[in-house]
Structures are given as C-alpha cells and as structure tokens.
Amino acid sequence: MAHNWKVYDLTRTATDGVVSKVTYGCSLEEGIHSVRKIGELEISGSTSDEDFISYDSLTEEDVLTWVFASADKTAIEASLTADLAQIKAVEEANDEAQGIPW
C-alpha cells in the first residue's frame, strides 16, 4: 500500500506569486477501500528569499517539500494506515447480508 500525497490548491498573492497557503492531502487505497486526510499549511516568504521559486516554476514536488518540512508525514501516514485497517476490520466483522434467494 502506497500513500499518495497531493497538493490540491495554493493561495498566493496575485501580484508577485508568493504562496501563503497550501491545501494538501494524503490518501491510501486498498481494493475498494480508501481513506484520505486533508490539511492546510500557512507559509510565509518573499521574492527576495534566496531559495524563492516563482509561482509559474513551482512543481508539486517543490510544494510537498514545504509540506513535509512542517507536517508530521510519518504520523499522518500511520493514522491513515490505522483508519484503513479499522474500516476493513469492521467490514470483515459484519455478518449481515442482503438479498433474496431467487
């Protein structure tokens, strides 16, 4: 099972392209089951920063580097793994069935 990290949105200043907020998520899928956590990261920066990347040149990998520097990646992934295991356990414990015999 691989955790899939994704950037959903960026909030930026229109005039200079400085990003101030990242909306990101991590999902985990196994068969028909899936779980996802969404988060937001407030950031600050300036066009004069040494490592500034212009908005038009940003990649998802660049932004995820910011996310991973601030968010607890290991904890989020562990939480998703536990959530998925719980969903599967509940389904497996369910002994009800629907339908008709004809």
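**Group meeting: contacts in a predicted model**

Good morning. I begin with Trp5, which is buried at a relative accessible area of 10%. Here buried means under 20% relative accessible area, exposed means over 50%, and partly exposed lies in between, with a 1.4 Å probe and protein chains only. The model is a predicted one, in which local features need pLDDT of at least 70 and side-chain atom pairs count only at pLDDT 80 or more, while totals for chains, interfaces and linings use all residues. Residues are numbered from 1 along each chain as its sequence is written, and side-chain values use heavy atoms, with hydrogens and water left out.

Let us stay with the aromatic residues. How many aromatic pairs does the structure hold? There are two aromatic pairs; rings of Phe, Tyr and Trp (its six-membered ring) pair if their centres lie within 6.5 Å, and planes under 30 degrees apart count as stacked, over 60 as edge-to-face and the rest as tilted. One of these is formed by Trp5 and Phe68, edge-to-face, with 5.0 Å from centre to centre and 85 degrees between the planes. Trp5 belongs to strand β1 and Phe68 to helix α1, so this pair ties together parts that are 63 residues apart in sequence. Helices (H or I, at least four residues) and strands (E, at least two) are DSSP runs, numbered from the N terminus. Phe68 counts as partly exposed, at 31% relative accessibility. Together with Tyr24, Trp5 and Phe68 form one aromatic cluster.

Phe68 has a further neighbour to mention: the charged end of Lys73 sits over its ring, 4.5 Å from the centre. The rule is that NZ of Lys or CZ of Arg is within 6 Å of the ring centre and within 35 degrees of the ring normal. Likewise, Arg12 lies over the face of Tyr55, at 3.8 Å from the ring centre.

I turn to helix α1 itself, residues 60–70. Which residues of this helix are buried? They include Val63, Leu64 and Val67. Seen down the axis of α1, the buried residues fall within an arc of 100 degrees (taken from the directions from the helix axis to the C-beta atoms), so they line one face of the helix. The face turned away from that buried side carries the exposed residues Glu61, Thr65 and Ala69. The buried residues of α1 pack against β1, β2 and β3, where contact means heavy atoms within 4.5 Å.

Next, the strands. β1 (residues 4–12) and β2 run antiparallel, joined by eight bridges; two strands pair if DSSP finds at least two bridges between them. Asp9 stands opposite Thr23 in β2. The two strands β1 and β2 form a hairpin with six residues between them, and Gly17 in the turn has a positive phi of about 75 degrees.

Finally, the salt bridges, each a side-chain nitrogen of Lys or Arg within 4 Å of a carboxyl oxygen of Asp or Glu. The count comes to three.

In one, the side chains of Glu40 and Lys21 meet at 3.8 Å, N to O. Glu40 lies in β3 (residues 33–42) and Lys21 in β2 (residues 19–30), so parts 19 residues apart in sequence are tied together.

In another, Lys88 and Glu30 have their closest N and O atoms 2.8 Å apart. Lys88 is in helix α2 (residues 73–93) and Glu30 in β2, so the pair links parts 58 residues apart in sequence.

Lys37 and Asp83 also form a salt bridge, at 3.3 Å between the closest N and O atoms. Lys37 is in β3 and Asp83 in α2, so this pair ties together parts 46 residues apart in sequence. Thank you.
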